[in-house]
Amino acid sequence: MTSFLDNLVLAFYLASFGIHVWFLYTDSRFIGRLGTLCLAGGVVAHYFALLSRARAMGGVPYQDFYGSLSLFAWLLAVTYLGIERFHRQRAVAPFVLPFVIGFVAISTFLAPEPAGIQHAKAHGPLFALHVTINILAYAAFALSFVVSLLYLAQNRWLRNRKLGSVIWRFPALEVLERMSRSSVIVGVAALSFGIALGFLWAHRLLGHYVTGDPKEIISLLVLLVYALYLRLSRQTAWRGARACRLCVACFFFVIFSYTVVNFYLSSYHRFF
Amino acid sequence: MARSHSNPANGVQPRASGDAAMHIILIGVNHRTAPIELRERVAFSVENARRAAQQLRASGVVGEVVVVSTCNRSELYGVFGRDAEGAAAALDDFITAFHGLPAGSLNGALYHHHDHDAVRHLFRVASGLDSMLLGEAEILGQVRQAYMVAFENGDTGPVLNRLFQGALEIGKRVRTETEIGTRPMSAAFAAVKLAEQIFGKLRNHKGLILGAGAMGEQLVEHLRDRGMTSIYVANRSRERGEELARRVSGEAFSWEDLPRALELPDIVVASVGGNDPVLTRSMLERAMGARGNRALFVIDLGVPRNVEPAVADLYNVFLYSMDDLTEIVEQNKHARAKEVPRAEALISEQLEKFKVWQASARSVALLAELREKLQHNREEFLRQHMDEMEHLAPEDRERVARLTAELLDNILEQPASRLRSEKELRRKLEEIEAVRHLFGLEENKP
């Protein structure tokens, strides 16, 4: 059963999406601000929804896939808000918010009632920080993925001189490229910190830093490919569309890590 | 009357004025009715607009007046009494005499609109639907300025305040709720918009203009307007190139230095005469390598083309020819035209709002007149009959007077209250002249 808070979160995100689409159409600063305000409202309400979920479970809210997905959606919204403020661009929101809304809807309507804490050792501030920071990294990579796709689509239209009606509302190619790189920088920094915290936590729990879990290997691989992207995206031969294609490709490692590795390969990292 | 000189858009409250001064008239010429030579002769500078409005109000032809004058139109909006034909003729004579034109020289060029037709016309003008370039943005600013001048000068009253505030509101609304003004409508502006779509703000970007033609210079001016500061010029004739560089505050390169010049800019505008391309694929391939593959926007304004088409295949190069830009403009024209019905629907909505306000203002004025007339009749009646009733004590006389006054209030209370609260009733009373005639109210008016 969904709570009032869950419905409020969805209502805020849906309203923000609608208003941002309207903004794309009208280019009105007032409407854009309204959309941002709704998104900020959704982020605040979502925070309290996660808190309430955590209390109901008696531990971190992401011990199941749905909780993890909800936290991912929240961090995606938070990261987007940060990037929007930093680059002063709102036109990307209509392409990011459907993901936020979709993940929130899945975690709201399909999640079973929160059971009590399932993993006795999965608690404590260090663990919570480790998971949150890693999911923040995934959210930042997801944002760079969406922005890169937008870049590639717009680049294609501009090069082929096939301009539709919406293109004039999109951010400039250079801005999209910078937004994508900013997101990846946030992601790489967060993932590095998150992995380091993970090793520390493993050492505290098991007495050694490396457990040999496939998630550790794939996380390091994700870090490596995104670091490579950051390096190449500044090089002359890779600047522009090539860097964005690489960014899109890198995200498949994240999807692999979040789905196949979590569900089938990892023993410690079931849902995050 | 004391008048606030604050921004009128911030809320001049409409008040009722007598119906005798509630009719709107518009006379004007525009690009459809008069050639540019004639439009130039009847244009009003700001000072002339002030003077004309002052003279018109002093003559008593109109009670309120706003003069809208742009390069494509000169229009006088006025509020007059009941003689529409007389007002139109007087305004025709005035505009002709004011500009020192021979009588009758504007015959056929002047158009007249009254009341709701005039309102709709202004709403269409403010929305850019009556412009030569459909949906152009400048006209809204020009209407605002014309209104501000008239307002500051004390030439507007409740009717024109309401009308122009409505026009500014609908002009803005049409631009935000439709796509009538979003797309570039000239090749030069399309090129600038494309540049912004690739680079964002042009402040820190550089441009290179090849050739010293007028079209290239015009485009560079547009780019400079959008913040581009570094401009290079390369021309076959060194002198003409340097001359153009001086005009656009740029730096001149000799034609032989073209390969080196190509390494610098983000935008290249080619506008060179001749049959052979001046920019080849190999030249730009070298330049792109030297400039680290940063995006390059090449605008080829030459006919025949100045840039080899194969340049478009180079990585991070965006090549647009004159045909491409023209096609964008054509697409945009069609797209804007498709938005016209939506804009017209918004205008009709705004017109309805204005009609309701006008009917309301007229109703209130009518009630005030009716009350005044009945009050006068009551006093007359009491004066005649009180003399015959000598037996009445002074306090009884006073009581009779009070009772008749209360009776009058009771009679008028219900219609006044219904007019205040029922929008539909106010709308139905639009043709209020009949009511005025019913009560014989026009007899006392000039």
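Guide: Let's start in chain A, where helix H4 (residues 93–109) and helix H5 (residues 125–160) have axes that come within 10 Å and cross at roughly 140°. Keep in mind that this is a predicted model, in which local features need pLDDT of at least 70 and side-chain atom pairs count only at pLDDT 80 or more, while totals for chains, interfaces and linings use all residues. Residues are numbered from 1 along each chain as its sequence is written, with chains lettered from A and ligands numbered from 1 in the order in which they are written.

Helices (H or I, at least four residues) and strands (E, at least two) are DSSP runs, numbered from the N terminus. The axes are lines fitted to C-alpha atoms, for helices over the stretch in contact, and angles run from 0 to 180 degrees between N-to-C directions. H4(A) and H5(A) are therefore oblique to each other; angles under 35 degrees count as roughly parallel, over 145 as roughly antiparallel, 65 to 115 as roughly perpendicular and the rest as oblique. The crossing of H4(A) past H5(A) is right-handed, meaning that the near helix is turned clockwise from the far one by less than a right angle, with anticlockwise giving left-handed.

Now for the residues themselves. From H4(A) come A:Phe95, A:Val96 and A:Phe99, which meet A:Ala142, A:Leu143, A:Val146 and A:Leu150 in H5(A). Being in contact here requires C-beta atoms, placed from the backbone, that lie within 7 Å. Sorted by class, this contact has seven nonpolar, no polar and no charged residues. For the classes, Ala, Val, Leu, Ile, Met, Phe, Trp, Tyr, Cys and Pro are nonpolar, Asp, Glu, Lys and Arg are charged, and the others, Gly among them, are polar.

H5(A) also packs on helix H6 (residues 173–206) of chain A: their axes come within 7 Å and cross at roughly 160°. H5(A) and H6(A) are therefore roughly antiparallel to each other, and H5(A) passes H6(A) in a left-handed crossing. The residues of this contact divide into 23 nonpolar, eleven polar and one charged.

Elsewhere in chain A, helix H3 (residues 65–87) has 23 residues and reaches 32 Å from its first C-alpha to its last, close to the 33 Å expected. That expected span is 1.5 Å times one less than the number of residues. Just after H3(A), A:Arg88 takes a positive phi of about 55°.

How does chain B join in? In all, 21 of its residues are in contact with 17 residues of chain A. Helix H6 (158–177), helix H7 (187–199), strand S10 (317–321) and helix H12 (322–338) of chain B each give two or more residues to that side, and H7(B) gives the most, with five. By class, the residues on this side of chain B are seven nonpolar, seven polar and seven charged.

S10(B) leads us to one more feature, an open sheet of six strands in the order S7-S6-S5-S8-S9-S10 of chain B, with parallel pairing. Two strands pair if DSSP finds at least two bridges between them. Strand S7 (251–254) and S10 of chain B stand at the edges with a single partner strand each, so one side of each is left without a neighbour in the sheet. Within the sheet, strand S8 (residues 267–270) and strand S9 (residues 296–300) of chain B pair over four bridges, and B:Ile267 stands opposite B:Phe297 in S9(B).

Note on methods: Contact = placed C-beta atoms within 7 Å.
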